[in-house]
Amino acid sequence: VRFRDNSLRHSRWHAIGAFLRHPSTGRALSLRRIQAVTGMGMFHEKPREPVSPKELGVFLKRTRMARGHSIYSIHLHTGIQKEYLEAIERGDFAVLPLGLYRRTFVDIYARELSIPSAALQPFYEAISEAVELPQPPDNSVAVKTEIKPPRLGEYLLYLFLTKRERVSLIGDIEEEYVDVYERFGRRSAKIWYYKQVFDSLRPLIRRALAKTGVVLWLWKHTGWIYEHVLQFINNLKLK
Amino acid sequence: MANQDRFYLGEFEEILLLAVFRLKDDAYGVSLRRFIEEETGRSTSIGSVYTTLERLEHKGYISSWQGEATPERGGRAKRYFKIESPGVRALHETRTIRAKMWAGVTGLPDLGGLPA
């Protein structure tokens with residue numbers, strides 16, 4: 001099935017259209033035919049959200065009729081009671097049992113019509129009610145991720161790191177920062193962090209300079225600023 | 001450089017290569033840095049570890065691959081390192097050179113304070 005704008009934007013229509021075959025020839029149906037069978041409007045229109053249960057029922061009913069099945073034959077094949085099948089086609093899901101059954105019935109019905117369940121995915125939110133129990137929040141992870149090293153050091157390092165090192169080295173520093181934080185507290189962790197960053201900058205800058213060579217002169221004349229900062233950090237006492 | 005075709009190792013390169021070898025499957029930035037700090041007693045920055053690792057990898061002494069990401073790392077993946085056969089050869093060679101150099105050393109003055 002090709003779309004007018006040739007995109008997968010309306011993947012719901014795509015999924016529905018892909019499985020529909022002509023009952024006798026087995027060929028893919030034309031756009032017009034799919035539209036007639038499913039009653040789902042123009043294919044270049046953006047589908048409405050959320051899809052109503054009624055639409056699902058109509059869709060299933062038309063598909064069933066296009067395949068030439070009766071309610072009774074579906075009932076015989078699937079074992080689902082006729083009343084339930086009719087209720088599904090009316091979009092009257094309140095008649096069906098609660099919870100998972102509701103979805104399972106539709107699933108079985110759809111499988112009988114060889115509709116892939118992926119095509120029904122958008123409908124499920126419309127027919128299911130909130131039966132999922134709220135999960136207790138996992139505090140251990142949340143607390144850990146709250147501890148973040150100062151951004152400044154990260155930015156400084158970013159200037160001199162290769163693309164590959166950015167992920168691993170900054171991740172390493174963050175991992176150790178969290179560790180120091182948990183063992184010695186925030187102040188020690190910060191001092192440790194800045195000491196690490198500035199100690200790391202020295203070889204990183206040296207490497208960058210060795211690569212360029214041009215800025216060597218500049219470094220020679222401004223390096224003392226860096227030395228002062230380093231000395232200041234080294235003078236801070238770790239607890 | 002006179003030694004370009006030989007397996008030449010600098011001092012920190014040697015230490016790092018040994019650390020990578022000894023840590024086996026757990027050789028990544030944090031563990032390497034800590035291991036070296038504990039074993040040598042020198043403070044080592046993660047930056048110098050990484051620049052040296054890059055040099056070693058460039059020479060083909062070690063190889064690396066991306067590992068898992070954990071929440072403490074801000075979702076950033078680890079990079080694990082593994083020693084390769086040129087690295088092993090380099091270690092052997094360095095050891096031989098050291099042994100030769102030390103073999104003739106007698107009567108090195110003891111300045112005190114250092115363990116024998």
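In this predicted model, the side chains of A:Glu176 and B:Arg34 form a salt bridge, with N and O 2.8 Å apart. This pair crosses between chains, linking helix α10 of chain A, which holds A:Glu176, to helix α2 (residues 29-40) of chain B, which holds B:Arg34. A:Glu176 is buried, with a relative accessible area of 3%, whereas B:Arg34 is partly exposed at 25%.

**Salt bridges between the chains**

- A:Arg164 and B:Glu57 also meet through their side chains in a salt bridge, at 2.7 Å from N to O. This pair too runs from one chain to the other: A:Arg164 belongs to helix α10 (residues 163-184) of chain A, and B:Glu57 to helix α3 (residues 46-59) of chain B.
- A:Arg164 is partly exposed, its relative accessible area being 44%.
- Another salt bridge joins B:Arg76 to A:Glu174, where the closest N and O atoms lie 2.6 Å apart.

- B:Glu84 and B:Lys82 are joined by a side-chain salt bridge with an N to O distance of 3.4 Å.
- Both partners count as partly exposed: B:Glu84 has a relative accessibility of 25%, and B:Lys82 has one of 40%.
- Elsewhere, salt bridges with shared partners connect A:Glu176, A:Asp179, A:Arg183, B:Arg33, B:Arg34 and B:Glu37 into one network.

**The interface between chain A and chain B**

- On the chain A side, 32 residues are in contact with chain B, and on the chain B side 24 residues are in contact with chain A.
- Together the two chains bury about 2,200 Å², and carbon and sulfur atoms account for 50% of this area. Within chain A, the residues that lose the most area to chain B are A:Asp172, A:Glu175 and A:Glu176, which together make up 25% of what that side buries.
- Polar contacts link 17 residue pairs between chain A and chain B, counting pairs with both residues at pLDDT 80 or more.
- Four helices of chain A each supply at least two residues of the side that touches chain B: α8 (139-146), α9 (151-158), α10 and α11 (186-212). The largest share, 16 residues, comes from α10(A).
- Sorted by class, the side of chain A that touches chain B has 17 charged, nine nonpolar and six polar residues.

**Chain B as a whole**

- Chain B contains four helices and two strands. Read from the N terminus, these elements follow the order α-α-α-β-β-α.
- Chain B has 116 residues, and 41% of them count as buried.
- The accessible surface of chain B is about 7,100 Å², with 55% of it on carbon and sulfur atoms.
- Among the contacts in chain B between residues at least 6 apart in sequence, 52% join residues at least 24 apart.

**B:Gly87**

- B:Gly87 sits in helix α4 (residues 85-103) of chain B. With a relative accessibility of 0%, B:Gly87 counts as buried.
- Leaving out residues up to four places away in sequence, B:Gly87 touches B:Leu17 and B:Tyr61.
- B:Gly87 and B:Lys59 are 28 residues apart along the chain, and their C-alpha atoms are separated by 8.7 Å.

**A:Ser73**

- A:Ser73 is part of helix α4 (residues 71-78) of chain A. The relative accessible area of A:Ser73 is 19%, so this residue counts as buried, the limit being under 20%.
- A polar atom of the A:Ser73 side chain lies 2.9 Å from the backbone oxygen of A:Ser70.

Conventions. Residues are numbered from 1 along each chain as its sequence is written. Chains are lettered from A and ligands numbered from 1 in the order in which they are written. This is a predicted model: local features need pLDDT of at least 70, side-chain atom pairs count only at pLDDT 80 or more; totals for chains, interfaces and linings use all residues. Side-chain values use heavy atoms; hydrogens and water are left out. A salt bridge is a side-chain nitrogen of Lys or Arg within 4 Å of a carboxyl oxygen of Asp or Glu. Buried means under 20% relative accessible area, exposed over 50%, partly exposed in between (1.4 Å probe, protein chains only). Contact means heavy atoms within 4.5 Å. Accessible areas come from the Shrake-Rupley method with a 1.4 Å probe; for residues, only the protein chains shown count as cover. Buried area is the accessible area (1.4 Å probe) that two parts lose on being put together, summed over both. A polar contact is a pair of N or O atoms within 3.5 Å; within protein, one must be able to donate a hydrogen and the other to accept it, and residues adjacent in sequence count only if both atoms are side-chain atoms. Ala, Val, Leu, Ile, Met, Phe, Trp, Tyr, Cys and Pro count as nonpolar, Asp, Glu, Lys and Arg as charged, and the others, Gly among them, as polar.
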